[in-house]
Amino acid sequence: MSDYIMKIIPADFTYFVTGEQAKRTLSFLRAMIKADDITFLSSETPVFVDCGSNLEMIVCPCCGEQLDFGWWGEAMNIAGKEEFKNLSITMPCCGEKSTLNDLDYEFPCGFACAEFDILNPSTDFDSQILSEVEELVGCPVRVIRAHV
Ligand SMILES: [Zn+2]
């Protein structure tokens, strides 16, 4: 059976979660959610937090055109050379400016310097848990649902 990981990341990809914030958020999540494991990861530069095999397509947030994975891979390579500090891109479809973080990933993905991973949760969160997490982390968050 494959694993399901619910990942919670700050919506702002440059946002840094302090050790104290991480500790408090972890104990809150562990108290509220039944799961095989709940862990925290952080990095000095943003990393791409993906939804695993759930990634079916990527769509331009400006014009709604479906994007080519080859183009996206190349854009990721270029941004990766600068450690994802600059995610700005020009869309190949409509010429609009956007960022790799703002593309419409189906299912959602995103960039972050911090991530809470909830392995095989047997309960889903409600919006109340989520707003409590945002309070503890000090920043709006995104939820990424990954199958690995
Ligand atoms: Zn477009």
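**Notebook: helices, cores and domains**

I began with Thr-25, which I found in helix α1 (helices are DSSP runs of H or I with at least four residues, strands are runs of E with at least two, and both are numbered from the N terminus). This is a predicted model, so I note the limits: local features need pLDDT of at least 70, side-chain atom pairs count only at pLDDT 80 or more, and totals for chains, interfaces and linings use all residues. Residues are numbered from 1 along each chain as its sequence is written, and side-chain values use heavy atoms, with hydrogens and water left out.

Is Thr-25 buried or exposed? I read a relative accessible area of 0% for Thr-25, so Thr-25 is buried (buried is under 20%, exposed over 50%, partly exposed in between, with a 1.4 Å probe and protein chains only). I then listed the contacts of Thr-25, leaving aside neighbours within four places in sequence. They are Phe-116, Val-133, Leu-136 and Val-137 (contact means heavy atoms within 4.5 Å). I also checked Thr-25 against Ile-58, 33 residues along the chain. Their C-alpha atoms are separated by 31 Å.

**Helix α1 against helix α3**

Next I looked at how two helices pack. Helix α1 covers residues 19-32 and helix α3 covers residues 127-137. I noted an angle of about 160 degrees between them, with their axes 9 Å apart (axes are lines fitted to C-alpha atoms, for helices over the stretch in contact, and angles run from 0 to 180 degrees between N-to-C directions). That angle makes α1 roughly antiparallel to α3 (under 35 degrees is roughly parallel, over 145 roughly antiparallel, 65 to 115 roughly perpendicular, the rest oblique).

Which residues of α1 meet α3? I wrote down Gln-21, Arg-24, Thr-25, Phe-28, Leu-29 and Met-32. On the α3 side I have Ile-129, Glu-132, Val-133, Leu-136 and Val-137.

**Two domains**

I then turned to the division of the protein chain. Domain 1 is 1-51 + 108-148, and domain 2 is 56-106 (the bounds come from an automatic or database domain assignment). I found their C-alpha centres 23 Å apart. The contact between them takes 10 residues from domain 1 and 11 residues from domain 2.

**Nonpolar cores**

How many residues has the largest nonpolar core? I noted 23 (a nonpolar core is a set of buried Ala, Val, Leu, Ile, Met, Phe, Trp, Tyr and Cys residues joined through side-chain atoms within 4.5 Å). Trp-72, Leu-100, Leu-103, Tyr-105 and Phe-111 have the most contacts inside this core. I see at least two of its residues in each of β2 (37-49), α2 (69-81) and β7 (110-119). Helix α2 gives the most, with four residues. Each of domain 1 and domain 2 supplies at least three residues to this core.

Not counting residues up to four places away in sequence, Tyr-105 touches Phe-48, Leu-55, Met-57, Ile-58, Trp-72, Leu-100 and Phe-111.

**Gly-110 in β7**

Gly-110 lies in strand β7. I read 0% relative accessibility, so Gly-110 counts as buried. Which residues does Gly-110 contact, leaving aside neighbours within four places in sequence? I listed Ile-9, Val-47, Phe-48, Val-49, Asn-101, Arg-142 and Ile-144. I also looked up Ala-11, which is 99 residues from Gly-110 in sequence. The two are 8.0 Å apart in space, C-alpha to C-alpha.

**Backbone entries**

I found a cis peptide bond joining Glu-106 and Phe-107, with omega about -10 degrees. Phe-107 sits in the loop between β6 (104-106) and β7.

I looked at phi for Glu-83 and found a positive value near 55 degrees, in a residue other than glycine. Glu-83 lies in the loop between α2 and β4 (88-90). Its relative accessible area is 41%, so Glu-83 is partly exposed.

Asn-120 has a positive phi of about 45 degrees, although it is not a glycine. I located Asn-120 in the loop between β7 and α3. With a relative accessible area of 18%, Asn-120 is buried.

**Last entry: Asn-77**

I found Asn-77 in helix α2. Asn-77 is partly exposed, because its relative accessible area is 46%. From Asn-77 to Val-148 I noted 71 residues along the chain and 22 Å between the C-alpha atoms.
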